Each structure stands twice: as C-alpha cells, then as structure tokens.
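Dear colleague,

Please find the structure below, handed over for your review. My notes on its charged side-chain pairs follow.

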Amino acid sequence: MATSNDIKNGSVLNLDGNLWSVIEFQHVKPGKGGAFVRTKLKNVLTGKVVDKTFNAGAKVEFETVDRRDMQYLYFDGTSYIFMDPQSFDQIPVSAAVMGDATDFLLENESAVIGSNNGNPIFLELPASVVLEVTYTEPGLQGDRSSGGTKPATLETGKEIQVPLFLEQGTKVKVNTSTGEYLGRVND
C-alpha cells in the first residue's frame, strides 16, 4: 500500500477492483484546510475517464503493469494472437481488450500490450498507421457538394472519409485515435 502522495502520471491504481491509469494529477495545498491530490483517471478496460480527488496521505493500491512491444500475428476466430519478438512467446488477446484497434492493425504490425498478472488489459497502437485504400468511388472533378471528401474502405475493412482525388490502391496515413485521414503516402 502506498499513499496518494506517490501518484504520478502513468501509474495504475486498483480502486474497488477496477484498474485505473492516471492521466493527470495535481497536488493542491489550499491556504485553508488540508492538502489533497486531484486526478484524472482512465479505466484501463473500458476507457472511461473520471475525475477523482484523494486526501493527502490517503492509502491507495498501486498495480504493476508490464508494457511490452508485441507483434500481431493472426486472428484465430476467438482471440488475436500476438508474439513477443525477443522471446517468441505467443499470447492471446480478447476482442474486448482489442476494441477499435482491429480497424487499424494488420498482420506483422507492432503494438504495445499492457498486462497485469499475465493477463492482457490494454493495447496501444502507434499514433498513425499506413493502410491501403481497397475501394472508393471515382471522384468527379469539380464536385464539392460533399465538402471535398468521399468514403473509402481500407484494407482492414474500416471506412473513412478521404479527399475526392484519391483512388483505389493509394496508401494513406490514418490517425489511430480518431480514424481521420492524415495524408497520402508515396512509396
């Protein structure tokens, strides 16, 4: 057991049986009254963000989270299989832990997997990935009624909005947190 004075960004706390990652923290010592720690916490499993205040010196339970770079291998029908490139150990990751990451992850791509007591609890993708457009309608020159964008399907099956000039087979850079088109990639 540690105290609220030990809270730092990136720490993982066990509150009421749930794991929460500290996004922000601030030690506050008002002129009147006792000091406290104001935090912004993100639920590791659901992604829900909450604000929580702890009294200074309050007991909190820290959890250890092992973060490792892993390589995505394949989907076996129920789980996504990842491999540690150093030890070649393979671990299954459930669809619930993967979440929307499946929209941006191709085989042999790397991701950071956080595990607690050997169980994968979250997955972090790079900030952006390069994917190929597998289907999009041809853009008509001068057509600006749709704001200059059109839907396009990526090789993972994810559909995003791209500029009218993009064609099928073009590689694009996509933001993994918002799903937005960031630009065209030339090979």
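What is the relative accessible area of arginine 67, and is this residue buried, partly exposed or exposed? In this predicted model, arginine 67 has a relative accessible area of 48%, so the residue counts as partly exposed.

The search of the whole structure returned 4 salt bridges.

Arginine 67 takes part in one of them, with glutamate 124 as its partner and 2.7 Å between the closest N and O atoms. Arginine 67 belongs to strand S7 (residues 66–75) and glutamate 124 to strand S11 (residues 119–124), so this pair ties together parts that are 57 residues apart in sequence. Glutamate 124 is likewise partly exposed, at 32% relative accessible area.

A further salt bridge joins aspartate 103 to lysine 158, where the closest N and O atoms are 4.0 Å apart. Both partners lie in loops: aspartate 103 between helix H1 (95–98) and strand S10 (110–116), and lysine 158 between strand S13 (149–154) and strand S14 (159–163). The pair therefore ties together parts that are 55 residues apart in sequence. Aspartate 103 is partly exposed, with a relative accessible area of 22%, and lysine 158 is also partly exposed, at 23%.

Arginine 68 and aspartate 66 meet through their side chains in a salt bridge of 3.4 Å, N to O. The relative accessible area is 28% for arginine 68 and 37% for aspartate 66; arginine 68 is partly exposed, as is aspartate 66. These two residues also belong to a network of salt bridges that links Asp66, Arg68 and Asp84.

With kind regards

Notes:
Residues are numbered from 1 along each chain as its sequence is written. This is a predicted model: local features need pLDDT of at least 70, side-chain atom pairs count only at pLDDT 80 or more; totals for chains, interfaces and linings use all residues. Side-chain values use heavy atoms; hydrogens and water are left out. Buried means under 20% relative accessible area, exposed over 50%, partly exposed in between (1.4 Å probe, protein chains only). Helices (H or I, at least four residues) and strands (E, at least two) are DSSP runs, numbered from the N terminus.
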